Amino acid sequence: LVGSEMCIRDRCELMNQMQENTASYRHDLKNHMMVLAGLAEESKITEIQDYIEKNIASLPTTKVYSKTGNIYLDSIINFKLSEAEQLGTKLQYRVEAASDQVIDPRDLTIILGNLLDNAITAVASVSNKTIHFLYRETKGRIIISISNSYDGTVIMKNQKIISRKKDTRIHGYGLKNIEKTVDKYNGCLLYTSPSPRDISGS
């Protein structure tokens, strides 16, 4: 429970930080545009160019993990991997995809979003945070592989992972949604763990 609470707190802080940064950028952008408008009225082209160059140089760099041209794929991967890295996670990732869509963007979001959410949740409660992520499209098929560090405890029932969150009535839907969506495309889902705890007989 402590690990889950830490994960929720860290991710809430991350979301708040992103919202604050967005509000700050919007406010600054408005002020910069007012300055540029004033310079334009005076036809000070050189000053406008200099002002723009200085502002571009001061912009924070945003790391791009995926740039396939598929906006849905790129958006979910870039956001989730950025979230993981800001938690101090060591990432190894590879994305191989065309710009066209292999599956419905909503289904892609369900699968990738929930898989990466689970990986981020797992690494949030350990000191050695690592996530290895592979996304590959080949001959109209998608291969996704995610491995991550965790605290060593995995609960299995009927060869399926069971949520460790306190209220299982409202948790665990992420994995169920992944399985349902994968089945929709006649795909297969494989979970592996060095030493899962089986509760099949419970």
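Start with strand 2 (residues 130–138) and strand 3: eight bridges join them, and they run antiparallel. Strands here are DSSP runs of E with at least two residues, helices are runs of H or I with at least four, and both are numbered from the N terminus. Two strands pair if DSSP finds at least two bridges between them. One of the bridges links Arg136 to its partner Ile143 in strand 3.

Before going on, note that this is a predicted model: local features need pLDDT of at least 70, side-chain atom pairs count only at pLDDT 80 or more, and totals for chains, interfaces and linings use all residues. Residues are numbered from 1 along each chain as its sequence is written, and side-chain values use heavy atoms, leaving out hydrogens and water.

The angles run from 0 to 180 degrees between N-to-C directions, with axes fitted to C-alpha atoms, for helices over the stretch in contact.

| Helix 3 (residues 71–86) | strand 1 and strand 2 | about 170 degrees with strand 1 |

Now for helix 5. Gly174, Leu175, Ile178, Glu179, Thr181 and Val182 are buried there (under 20% relative accessible area, 1.4 Å probe, protein chains only; exposed is over 50%, partly exposed in between). Seen down the axis, these buried residues fall within an arc of 170 degrees, so they line one face of helix 5; the arc is that of the directions from the helix axis to the C-beta atoms. The face turned away carries the exposed Lys180, Asp183 and Lys184.

Methods:
Contact = heavy atoms within 4.5 Å.
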